[in-house]
Amino acid sequence: MKPLSSIALVLALALLSRSATAASAEDARIAFFEKNIRPILIKRCYECHSVEAGKSKGGLLIDSRDAILKGGDSGPALVAGNPDKSHIIESVRYQNQDLQMPPKGAMPAAEVKALEEWVKMGAPDPREAVISGKPSAPRIIDLKEGAKHWAFRPIAQPPVPKAADTSNPIDAFISEKLAEKNLKLAPPADKRTLIRRATFDLTGLPPTPQEVDAFLADSSPDAFAKVVDRLLRSPQYGEKWGRHWLDVARYSDSNGLDENIALGTAWRYRDYVVQSINKDKPFDQFLIEQIAGDLLESKDLPTRQEQTTATAFLNLGAKVLAEPDKEKLTMDVVDEQIDVMGRAFMGLTLGCVRCHDHKFDPIPQDDYYSLAAIFKSTRSFSVDRIGALSTAYEAPMGSLEDFAAVKSSERILKDQKAAVAKAEAAAIADLRKEVRDHAVDYLMAAAKLPETPTLSQVRPVAEPLGLRPHVLLNCRVYLAANETLPLFKPWQDIVEKKGDVSTLREHYAALFAAAEKVTPAPKPKAKKAKAQPAEKVEAPAEEYTPAQQARAALDAPAGFLALPPEPIILFPKDVAEKVRALKDTMMTTESNLPDLPTTLAVSESPKILKELPVHIRGSHLALGKPVSRGVIQVVQASLKTKPEFPANQSGRLELARWLASADHPLTSRVIANRIWSWHFRQGIVPTTDNFGLLGQQPTHPALLDWLARWFTTNGWSLKDMHRLIMSSRTYQQSSATTAQGDAADPENLLLHHFPLRRLEAEEIRDALLQVAGTLDTSIGGKTIPRRNREFVFNHTSKDFTSYDSTRRALYLPIIRNNLYDLFQQFDYPDPATSTGLRHSSVVSPQALLLMNSDLATTAAENFATRVFKLAADKSARLRAAYRLAFAREATPEDLRRAENYLTAAEASLNSSQQDSTKREHQTWSLLCQALMMSNEFIYLR
């Protein structure tokens with residue numbers, strides 16, 4: 001197959017891939033409506049605009065999609081995709097005095113934002129119209145009937161089909177389905193294609209020319225198996241497949257929402273995931289640790305720390321930290337935890353059940369509150385924070401030595417801060433004494449200046465008199481703000497009447513001497529005054545003596561001197577240098593202060609609940625019948641044993657073990673499907689996060705059950721599952737297709753060829769740096785340049801987060817509400833939502849970013865430098881460039897086109913760059929960038 005170079009081909013690929021992900025995207029949109037929008041409409045709108053209430057004020061019903069699109073007296077209530085033209089959004093924004101809904105008061109900002117987002121995404125809404133005057137009867141959930149749904153049935157043990165020439169069971173299942181359409185697997189992929197596919201698949205990086213050459217030279221039957229084993233041993237394997245799980249876990253380095261503060265210890269969870277996958281931790285153990293690691297027994301401190309860190313999975317979600325209603329906040333977090341647990345491990349959408357029985361799946365509201373009782377018995381917030389802002393719980397980490405090191409650093413910092421304060425105080429005291437000793441000189445000089453002079457106006461007055469310009473400038477500002485004080489009347493008299501300055505010196509000398517001997521004057525009650533250029537000192541009451549008035553002025557914060565925000569500019573040069581040195585040392589210590597050894601986590605709540613009342617319509621203010629702790633009933637029907645919850649614990653550990661049961665009908669199916677989808681970019685169940693009734697049926701149900709059963713009986717090992725899948729002909733087939741295949745299987749759901757895929761955002765970035773020779777492959781550690789709980793971007797402030805690191809993209813900051821540009825353009829998932837499979841789009845801004853971003857142009861320049869070092873002549877350089885970029889040899893046609901490009905590019909640069917060496921490097925940089933922007937670079941086949 002020729003290299004991908006046609007825009008038309010890419011668009012065709014986009015159309016094919018879009019159909020495979022469309023159902024998943026629609027499922028996510030419906031889930032958003034059920035969880036976020038339906039409860040708002042019921043709570044805020046149904047009272048006046050629903051068939052059930054018997055009211056349609058303004059001619060508007062809002063209890064079905066058809067009704068809301070039809071609208072009322074003012075026309076359609078919304079324009080799908082355009083919030084600014086939708087009446088419903090205009091009304092809830094409360095900006096039009098003639099159109100404000102609800103009429104009793106504005107909705108919370110979070111609800112308005114959710115409605116705006118819903119309309120922007122096209123207003124997905126599965127509600128059907130209600131017949132006027134005949135409200136639909138409440139849906140009755142039949143658990144026995146619901147348990148017949150394929151996903152809730154026990155996992156079968158299907159026999160492997162008997163198919164010719166299939167040593168791998170996967171191929172037998174796939175070939176059986178293909179045969180029904182008179183299709184068969186595509187021919188095997190060539191070895192260069194296969195090693196590039198596998199290397200990106202398992203590590204997220206391109207293969208090196210040396211790795212390609214070694215594979216080509218290995219003619220043994222197990223040559224590819226050895227490649228797979230080598231890749232699975234690579235630490236980069238955990239980084240690539242850890243990133244898959246972080247999508248599911250909605251990983252982020254910031255909270256998002258109202259108070260976007262840094263989750264400064266979330267990186268520990270990220271590293272836990274990477275390390276667990278590299279160690280091939282059994283998935284059932286991996287699951288249990290993330291739900292209840294803090295409740296497991298541990299043999300030593302490192303194990304205890306690892307298990308505690310794992311529970312950050314439950315606490316990574318975005319939270320409205322400034323929510324004043326703490327009970328609502330608690331239940332919002334419980335809801336988010338139930339939602340992510342349901343999606344991640346069971347492929348179920350449980351969030352909507354907070355307000356009502358599930359509209360599609362056989363899950364009653366009681367089931368939700370059975371789970372909510374478990375999670376409400378879990379501590380997710382710190383209790384040591386005073387004020388309106390809540391903060392996520394941080395569990396202590398480290399040994400006694402670690403804590404001692406932090407405390408030692410804090411003591412050092414405290415001493416350094418004290419030294420800075422002492423030095424500044426001494427310098428200010430000397431400054432005040434200087435001003436007082438030379439008060440008359442400064443006063444008389446100040447009289448020659450305007451009220452608000454510049455430093456250039458002050459210098460000619462100060463320097464001939466031996467006065468310091470900065471001090472005189474600030475004295476003049478101080479006088480402008482306080483010239484009405486009786487203290488300065490003698491000076492004003494001398495200035496106005498041209499009196500004797502020596503008399504004025506004697507007056508102030510005597511006054512200051514007397515002031516030192518009197519008791520400090522009581523501080524008068526401050527009066528509200530207009531802002532002044534300097535702090536204004538209130539004059540003491542008239543009955544005070546002049547000496548007491550002088551003492552009051554000396555005791556004022558400015559001490560007879562207006563201090564600027566940074567008084568160091570007034571200090572003598574040697575004093576200023578000393579203070580700056582102390583400050584620099586202090587700031588260095590503070591910036592390098594080790595994080596308190598804590599980790600984002602959860603723990604047991606002091607109050608363990610045995611039951612929790614159902615919250616009517618999801619409101620904690622309207623409580624219904626209590627329900628005991630429990631699990632999803634329709635799922636439990638397929639299990640042999642039922643969890644029993646202890647009185648002294650939340651029940652998370654029992655819940656986790658229930659989820660991790662080999663007999664659980666969902667858990668092993670869901671993770672087997674996820675692994676499959678991450679290899680083939682499509683799941684056996686296309687809706688990877690929804691195995692409910694709205695989800696799609698599996699394309700190969702027998703294969704899914706066989707894989708799920710095989711996975712649990714083989715120790716829940718991800719690495720063994722990789723070996724099984726990648727050793728199949730299905731995985732190793734080429735991406736070439738036929739007219740017959742396209743006609744019979746247009747969406748390639750039966751896998752009659754290997755699916756082409758575009759690299760993910762991180763793979764594109766890392767490949768650019770890897771090929772350029774500048775990728776830093778160091779593993780793990782803190783990477784977000786923020787201290788824990790420090791504020792980050794929140795739509796009103798500038799984002800100071802840097803993405804200049806050359807480490808892998810896994811270690812770049814993930815800031816909710818403000819993702820890195822490259823991530824946004826290349827379909828990075830919403831880090832506030834659990835995402836099982838990313839979408840893949842083809843849009844023009846992607847190409848524009850690669851043409852113009854500093855990342856791409858710098859990588860191209862470094863790529864050019866690298867090929868210059870590898871070879872001296874043009875042909876050898878071109879061959880090296882093609883091997884690095886595409887893992888293949890350049891064809892004669894490639895070389896011809898590249899040489900023509902170099903000639904044309906150098907000619908175009910001839911007039912703007914006279915230096916021939918620089919011009920040659922620029923020419924090659926342009927060629928290297930063209931290679932990096934090509935479809936062959938960013939697509940796998």
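A salt bridge is taken here as a side-chain nitrogen of Lys or Arg within 4 Å of a carboxyl oxygen of Asp or Glu. By this criterion the structure, which is a predicted model, holds 49 salt bridges. Side chains of opposite charge can pair when their charged atoms come close.

Because the two residues are four positions apart in helix H10, about one helical turn separates Arg243 from Asp247. An α-helix has 3.6 residues a turn, so residues three or four places apart point the same way. Arg243 and Asp247 are both buried. Both also belong to a network of salt bridges that links Lys240, Arg243, Asp247, Arg681, Arg757, Glu760, Glu762, Glu763 and Arg838. His244 is itself located in helix H10, and its relative accessibility of 3% places it among the buried residues, since the threshold for burial is under 20%. When neighbours within four places in sequence are left aside, His244 is in contact with Trp678, Arg681 and Glu760.

Asp218 pairs with Lys226, with a separation of 2.8 Å between the closest N and O atoms; Lys226 is partly exposed, at 41% relative accessibility. In the salt bridge between Glu306 and Lys281, the closest N and O atoms are 2.6 Å apart. This pair links distant parts of the chain, with Glu306 in helix H13 (residues 301-310) and Lys281 in the loop between H11 and H12, 25 residues apart. Glu306 is partly exposed, with a relative accessible area of 22%, whereas Lys281 is buried, at 9%.

Helix H9 (residues 223-233) has Ala223, Phe224, Val227, Val228, Leu231 and Leu232 as its buried residues. Helix H29 (residues 718-726) is largely enclosed by the rest of the structure, because seven of its nine residues are buried. These are Leu718, Lys719, Met721, His722, Leu724, Ile725 and Met726. At the start of H29, the backbone nitrogen of Lys719 has a side-chain oxygen of Ser717 within 3.4 Å.

Rolling a probe the size of a water molecule over the atoms shows where empty space is left. This analysis gave ten cavities of 30 Å³ or more. The second largest cavity contains about 120 Å³ of space. Its lining comprises 13 residues, with Trp245, Ile277, Phe283, Phe286 and Leu718 lying nearest the centre; of these, Leu718 is also one of the buried residues of H29. At least two lining residues are supplied by each of H10, helix H11 (266-278), helix H12 (283-292) and helix H27 (667-680). The greatest contribution to the lining of the second largest cavity comes from H10, with three residues. By class, this lining consists of nine nonpolar, two polar and two charged residues.

Notes
Residues numbered from 1 in each chain as written. Predicted model: local features only at pLDDT ≥ 70, side-chain atom pairs only at ≥ 80, totals over all residues. Heavy atoms only, no water. Buried < 20%, exposed > 50% of the residue type's maximum accessible area, 1.4 Å probe, protein only. Polar contact = N/O pair within 3.5 Å; in protein donor to acceptor, adjacent residues only side chain to side chain. Contact = heavy atoms within 4.5 Å. 1 Å grid on protein atoms, 1.4 Å probe; cavity = no way out; pocket = protein on both sides within 12 Å on 5 of 7 lines; lining within 4 Å. Points joined across faces, edges and corners; volume = space filled by probe spheres on them. Nonpolar A, V, L, I, M, F, W, Y, C, P; charged D, E, K, R; others polar.
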